[in-house]
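Open the model in a viewer and follow the stops below in order. Each one says what to select and what is found there.

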Amino acid sequence: MEMRARVAVAVETPQHAGLAALLDYSCDSELPPGTLVRVPLGKRELPGIIWHRAAEQPAEEAQLRPVAEVLSALPPLSAHWRALADFAAAYYQRSTGEIALSVLPPELRRLTALQLTRRLERLHSAPDDATDGRASAESSAKSSDKASAAADAAVARPQLSAEQAAALAALATPGDPRPVLLHGVTGSGKTEVYLREAERALAAGRQALVLVPEINLTPQLEARFAERFPGRLLVSLHSALTPAQRLRHWLLAHLGKADLVLGTRLAVFASLPRLGLIVVDEEHDPSFKQQEGARYSARDLAVYRARLEGCPVMLGSATPSLETWHRVQEGRYRRLLLAERIGGGALPRVRIYDMGQLPKQSGAPLVLAPPLRQAISERIERGEQSLLLLNRRGYAPVLHCGACAWKSGCPHCSAWRVFHKADRTLRCHHCGLTERVPKACPECGNLDIAPIGRGTEKLEEQLGDLLPGARIARIDADSTRLAGALEAQLAAVHAGEVDVLVGTQMVAKGHDFRRITLVAAINPDGALFASDFRAPERLFSLLMQAAGRAGRDAEQAARSEMWVQTWNPQHALYAALRKGDFEAFAASQLAERRAAGLPPFSHLALLRAEAKDAAVATAFLEQAAGLAAELAAGLGCAGDVTVYPPVPPTMSRVAGIERIQMLVESNSRPALQRLLAAWLPAMHGLRAAHRGLLRWAVDVDPLAI
Ligand SMILES: [Zn+2]
Ligand SMILES: [Zn+2]
């Protein structure tokens with residue numbers, strides 16, 4: 001009888017399908033784990049990855065279906081890569097196949113063996129055009145290492161500051177495998193440290209992976225890496241690439257041809273056979289957490305991956321996440337500090353302006369406190385720029401009828417529809433519902449309906465009145481909707497064609513504005529009292545980052561200012577901001593978190609259920625809670641895990657769907673993981689008993705609760 005091999009294959013099957021994590025198939029010969037295959041499932045044929053040899057169960061041999069096709073042209077995915085997928089699946093409570101397949105380029109999952117072979121042939125014959133959109137001379141890379149190493153050395157490098165040199169010396173000292181927090185104020189030259197570390201990895205014949213929070217930030221960083229490593233092949237990986245580009249870049253990384261991979265969170269799963277360094281820039285940024293499907297944290301997976309691969313990992317930030325900071329305090333991470341700006345530029349002087357001291361006046365509240373308005377006017381006269389931050393787009397957050405108290409609510413969401421004056425629409429920022437502004441109140445017919453509050457659009461308009469003759473521009477999600485609009489607007493700011501820039505947090509991140517000498521937060525107080533426990537952390541980070549936009553030019557640094565208009569001038573957050581004191585802020589926040597039993601002092605998971613009828617979602621979660629209590633007792637971890645009652649979140653209704661959530665908290669991560677691992681499979685069975693339940697999902701380490 002012919003001997004057929006048996007393999008366990010990871011296939012992208014949704015967990016609720018009730019199928020095992022891995023499915024067994026037979027094949028003609030022994031195939032190495034990590035091999036890409038296509039397998040039949042029901043009437044379909046799906047891509048899969050051979051995970052390991054199947055357990056021997058001779059009696060069922062006849063029932064095994066054969067692997068349909070082997071994509072043997074592709075080298076197998078490494079054991080480390082599979083271990084990363086296994087870990088992510090277990091930790092974030094998804095199936096192995098779902099994680100492993102969903103992080104491959106979509107194009108790769110579609111190809112047949114023949115198509116893939118052709119793609120690879122083309123890649124081998126012309127591997128040099130991977131860095132799209134740049135001159136081919138820049139990226140005429142060969143991975144032949146001696147030539148490349150020589151090219152690396154030929155490029156002029158800036159003189160290191162004493163702090164940079166000290167950080168690099170510490171990194172070069174062997175024997176400390178801990179993850180590194182590169183804690184550097186904006187403008188302190190973190191990127192130069194990344195570049196030098198990448199240089200070291202490349203010189204050792206390894207690949208470097210650099211993660212950034214946003215696609216917008218990749219071109220700047222890509223340009224710096226390309227300039228520094230002209231003889232190396234650099235590829236980017238993010239969701240804005242075309243499917244063909246993404247596949248090509250992924251393949252170049254997987255084949256070991258690309259030396260540098262720059263990308264957003266999905267790049268943490270790039271296949272890198274020679275991985276020698278991971279950098280996570282702006283590690284505190286919430287965009288590293290995937291918000292749908294498998295809700296993984298790319299920052300946390302980067303740390304895990306570095307340990308797996310035995311390579312260094314560096315997390316960079318001016319305002320580290322409190323989780324990372326806590327690990328530094330515990331000695332689990334090593335902190336390297338860059339406290340000074342390159343070129344001696346000082347951080348701007350922070351002026352906390354107490355709005356309560358303004359004389360009471362009738363009518364609308366003042367937009368700008370008189371001294372702030374004066375400070376902006378002076379800058380316009382000197383030809384300098386000001387940046388005004390307001391984290392609310394549109395003209396006004398709500399329209400209101402004074403006669404009957406009607407407000408412009410969204411019929412499908414628990415949110416107001418925002419008034420956009422430019423096109424006279426009411427838009428829901430959650431479900432997208434857009435309608436013309438009514439001429440009269442829809443409830444009582446009153447013609448006098450008025451906007452309440454202020455968004456960026458209104459601020460822009462009011463500044464036009466307050467600062468006659470000033471050139472005012474606005475950058476937010478509305479003004480940059482069209483392709484190329486953001487680049488054009490940023491170019492105008494850089495060219496000095498703008499006096500006052502109004503924007504949301506979009507403008508506070510990363511951009512290197514040389515002429516801005518004043519940054520003002522117009523109305524940041526909301527975050528102090530938000531229900532989300534991380535809101536103050538985000539506000540502090542945003543304000544520090546925004547402050548870093550001012551005075552990047554050392555000459556101007558001395559007269560740079562950061563203004564905050566507040567009704568709560570005594571708040572600890574502002575006191576820490578005034579001194580630029582991250583440590584004081586972190587200490588006060590961590591003390592609050594400790595007292596409240598919040599992360600990083602506890603571990604959370606959030607169960608979310610959605611239905612047209614809130615009662616259905618609630619009933620499902622209540623039954624799940626009962627199940628959890630039984631399971632926890634059985635597992636002996638009942639005392640370590642608390643399941644809170646189901647409640648509606650702040651945004652309880654979106655697009656006509658009601659959301660209910662249930663928080664699970666534990667002081668022990670292993671206990672929480674044990675419970676989730678037993679609980680979630682059992683919950684798939686509960687679902688059938690709750691007609692009308694649309695979706696449910698678990699979010700481990702949720703960002704917002
Ligand atoms: Zn009315
Ligand atoms: Zn809506």
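Select the zinc ion (ligand 1) and its four donor atoms: the angles they subtend run from 104 to 113 degrees, which makes the arrangement tetrahedral. Four donors count as tetrahedral if all angles lie between 85 and 135 degrees. The donors are C401 (SG), C404 (SG), C441 (SG) and C444 (SG), at 2.3 Å. A donor is an N, O or S atom within 2.8 Å of the metal (3.2 Å for Na, K and Ca), and water is not among the atoms, so sites may look incomplete.

This is a predicted model, in which local features need pLDDT of at least 70 and side-chain atom pairs count only at pLDDT 80 or more, while totals for chains, interfaces and linings use all residues. Residues are numbered from 1 along each chain as its sequence is written, chains are lettered from A and ligands numbered from 1 in the order in which they are written, and side-chain values use heavy atoms, with hydrogens and water left out.

Stay at the zinc ion (ligand 1) and trace its donor residues along the chain: their spacing is C-x2-C-x36-C-x2-C. C401 lies in strand β15 (residues 398–401) and C444 in the loop between β18 (434–436) and β19 (449–452), so the pair ties together parts that are 43 residues apart in sequence. Helices (H or I, at least four residues) and strands (E, at least two) are DSSP runs, numbered from the N terminus. Now colour by accessibility: C401 is buried, at a relative accessible area of 0%, whereas C444 is partly exposed, at 40%. Buried means under 20% relative accessible area, exposed over 50%, and partly exposed in between (1.4 Å probe, protein chains only).

Next, select the zinc ion (ligand 2). Which protein atoms are its donors? They are C410 (SG), C413 (SG), C428 (SG) and C431 (SG), lying 2.2 to 2.3 Å from the ion. Along the chain these donors follow the spacing C-x2-C-x14-C-x2-C. The four donor atoms subtend angles of 106 to 113 degrees, which makes this arrangement tetrahedral. C410 is buried, at 6% relative accessibility, and C413 is buried at 4%.

Select R424, in the loop between β16 (418–420) and β17 (425–427). Its phi is near 45 degrees, a positive value in a residue other than glycine. R424 is partly exposed, with a relative accessible area of 42%.

Q93 also has a positive phi, of about 60 degrees, although it is not a glycine. Find Q93 in the loop between α1 (79–92) and α2 (96–102). Q93 is buried, at a relative accessible area of 8%. Most residues other than glycine have a negative phi, and most peptide bonds are trans.

For a peptide bond that is cis, go to P599 and P600, where omega is about 5 degrees. P600 is in the loop between α18 and β24 (603–611).

Now show helix α15 (residues 535–547) and helix α18 (residues 582–596), whose axes come within 11 Å and cross at roughly 175 degrees. That makes α15 roughly antiparallel to α18. Axes are lines fitted to C-alpha atoms, for helices over the stretch in contact, and angles run from 0 to 180 degrees between N-to-C directions. Angles under 35 degrees count as roughly parallel, over 145 as roughly antiparallel, 65 to 115 as roughly perpendicular and the rest as oblique. P536, E537 and F540 of α15 make the contact with F582, F585, Q589 and R593 of α18; contact means heavy atoms within 4.5 Å. By class, these are four nonpolar, one polar and two charged residues. Ala, Val, Leu, Ile, Met, Phe, Trp, Tyr, Cys and Pro count as nonpolar, Asp, Glu, Lys and Arg as charged, and the others, Gly among them, as polar.

Within α15, pick S541. S541 is buried, at 7% relative accessibility. Leaving aside neighbours within four places in sequence, S541 is in contact with H284 and T319.

Key:
Four donors count as tetrahedral if all angles lie between 85 and 135 degrees; four count as square planar and six as octahedral if opposite donors are over 155 degrees apart and all others between 65 and 115; anything else is irregular.
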